[in-house]
Amino acid sequence: MGKTVDIAVVGSGYVGLVAAVCFAEMGHHVICVDNDPAKVKALQGGDSLIHEEHLPQLLNKYRNNQVEFTTDLGAATEKAAAIFIAVGTPQSETGDADLSYVEAVACEIARHLKTYKVIVEKSTVPVYTNEWIRRAIERNGVDRSLFDVCSNPEFLREGTAVSDFLHPDRIVVGADSEKAARLLQEIYAPLTSGDYYTREGIIPGEFTSDAPPPLLLTSTKSAEIIKHASNAFLALKISFINAVSSLCEATDANVQQVAQGMGLDTRIGPRFLRPGIGYGGSCFPKDVAAFRSVAEQMGVDFSLLTEVERINANQKKRFLAKVRAALWTLRGKKLAVLGLAFKGDTDDIRDSPAIEMVKMLIAEGCSITAYDPAAIERTRAVLPESDKLRYADGIYAAAEDADALLILTDWHEFGALDLEKLRTALRYSIIVDGRNMYDPAKVADAGITYYSVGRPVAH
Ligand code: UGA
């Protein structure tokens with residue numbers, strides 16, 4: 001067992017909450033701060049507020065003992081050796097990251113900073129943010145010797161957040177002081193030493209090799225750029241395969257075979273080469289825009305990223321055209337939609353391409369009956385039921401009497417449909433699959449015409 005560190009995590013969103021319970025799982029004491037008293041109360045009571053595997057289990061194990069939830073940032077600052085800032089950095093109107101929450105937290109920390117602390121950026125922030133944080137703290141009268149600002153970006157994905165945190169490919173620590181780097185190395189020692197992976201009953205990883213992850217020590221600015229560059233590169237990979245899927249459609253080739261053939265080259269790798277209806281969520285769209293904007297401000301031409309965004313937007317329009325091609329005209333058509341979340345295994349609908357598709361289809365005059373295993377309540381709050389939109393409580397109820405069924409989110413259960421039952425429920429036997437969940441021949445064998453992305457139509 002390594003050394004126990006007193007940690008404060010500011011912000012209890014996806015990154016903050018997952019980091020808090022995972023630091024506890026690694027043996028540390030954590031104070032998780034949020035300025036929303038209702039949220040703090042819910043977390044104290046064991047309600048994790050988001051749909052995320054393993055989170056309820058860890059929250060119940062550590063809440064009110066190794067993880068304390070509070071609104072009191074001052075007290076947390078005084079107690080902690082390291083303070084992780086994990087508040088939101090939403091997109092502003094110009095495409096930049098809005099850093100006002102980060103600034104407010106930095107100023108509040110400054111007011112309570114009496115002994116040496118390491119302040120760590122966990123939120124995704126543009127390069128140079130560490131310097132702004134430092135200046136904000138100094139401006140509030142704190143001596144430079146009393147703190148360091150580091151960057152420790154997080155690479156977890158929603159839906160697999162807890163296991164990604166505990167089984168990372170790498171840990172990146174950007175620190176310009178040895179003292180601060182040492183503390184962060186101590187915090188991650190349970191993972192980098194491999195100790196955590198030898199324990200009984202650990203949270204399993206998605207691709208567990210159980211080889212300890214490397215900790216890469218960089219300058220703070222490099223670490224800030226690593227996070228933005230990684231997300232932008234993954235988005236680029238997705239847009240690349242989506243562009244290839246257009247070419248496959250135009251030539252009757254099969255994008256799945258193309259992606260497999262490319263991905264077997266270890267320099268390319270097989271992951272994030274799944275074509276679909278475009279990337280979404282709270283990270284990629286915002287981070288690509290912010291990274292592009294940072295480059296512009298520094299006088300660097302990164303118009304490649306503009307192209308990534310253009311292809312992503314176009315992929316949705318191409319899917320709409322595919323639905324139209326399947327049904328001839330759209331006005332008055334009744335469609336079943338499977339999936340509202342931005343991807344499977346999450347109830348998050350922020351920047352969900354599925355919801356954008358639903359809006360586009362309604363604007364074309366379709367009426368929709370939608371089902372999602374976890375995201376209906378959140379969707380209902382932004383898209384209330386109307387004569388054009390109904391929510392069903394199951395897959396086959398959504399499909400009843402529909403002119404076609406559309407798959408918009410890659411939930412596992414949407415890849416295991418009872419095709420026979422579906423064929424009987426649908427008015428016309430048509431599936432338009434935006435996530436390539438099926439072997440086309442299998443769907444065609446069930447008597448259903450199957451449209452997917454970058455593969456020939458099967459009937
Ligand atoms: C992403 C990154 O993958 C994480 O490493 C990062 O930590 C996180 O952003 C963040 O910055 O906080 P996340 O947005 O949770 O994670 O989800 P992803 O699994 O990356 O999916 C993003 C979008 O890309 C989804 O809409 C998904 O459906 C789409 N996608 C993903 C594809 O269309 N094709 C793929 O092959 C992979």
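Trainee: What should I know about the model and its numbering before starting?
Mentor: The model is predicted, so local features need pLDDT of at least 70 and side-chain atom pairs count only at pLDDT 80 or more, while totals for chains, interfaces and linings use all residues. Residues are numbered from 1 along each chain as its sequence is written.

Trainee: Which residues come nearest to the ligand?
Mentor: There are 20 residues around the ligand, and E158, R274, Y279, G281 and C283 come nearest; a residue counts as near a molecule or strand if its C-beta atom, placed from the backbone, lies within 6 Å of it.

Trainee: How does the shell divide by class?
Mentor: The shell around the ligand has 10 nonpolar, five polar and five charged residues, where Ala, Val, Leu, Ile, Met, Phe, Trp, Tyr, Cys and Pro count as nonpolar, Asp, Glu, Lys and Arg as charged, and the others, Gly among them, as polar.

Trainee: Switching to packing, at what angle do helix 12 and helix 13 cross?
Mentor: The axes of helix 12 (residues 284-297) and helix 13 (residues 304-327) cross at roughly 155° and come within 9 Å; axes are lines fitted to C-alpha atoms, for helices over the stretch in contact, and angles run from 0 to 180 degrees between N-to-C directions. The two helices are therefore roughly antiparallel to each other, given that angles under 35 degrees count as roughly parallel, over 145 as roughly antiparallel, 65 to 115 as roughly perpendicular and the rest as oblique.

Trainee: Which residues meet there?
Mentor: V288, F291 and R292 in helix 12 meet L305, T306, V308 and E309 in helix 13, contact being taken as C-beta atoms, placed from the backbone, within 7 Å. By class, this contact of helix 12 with helix 13 has four nonpolar, one polar and two charged residues.

Trainee: What about helix 5 and helix 6, how do their axes cross?
Mentor: The axes of helix 5 (residues 100-111) and helix 6 (residues 129-139) come within 8 Å and cross at roughly 40°, which makes helix 5 oblique to helix 6. Their contact has eight nonpolar, one polar and one charged residues.

Trainee: Going back to helix 10, how does it lie against helix 11?
Mentor: The axes of helix 10 and helix 11 (residues 255-263) come within 9 Å and cross at roughly 135°, and the two are therefore oblique to each other. The contact is made by I241, V244, S245 and C248 of helix 10 and by V255, V258 and A259 of helix 11.

Trainee: Last topic, which residues does UniProt list for "binding site"?
Mentor: The unreviewed UniProt entry lists F155, L156, R157, E158, K227, F272, L273, R274, P275, G276, G280 and K343. They span 189 residues in sequence, and the farthest two C-alpha atoms are 23.7 Å apart, so they do not all gather at one spot. UniProt positions are given in the numbering used here, feature names are shortened, and annotations may be inferred rather than shown by experiment.

Notes:
Helices (H or I, at least four residues) and strands (E, at least two) are DSSP runs, numbered from the N terminus. Two residues are in contact if their C-beta atoms, placed from the backbone, lie within 7 Å.
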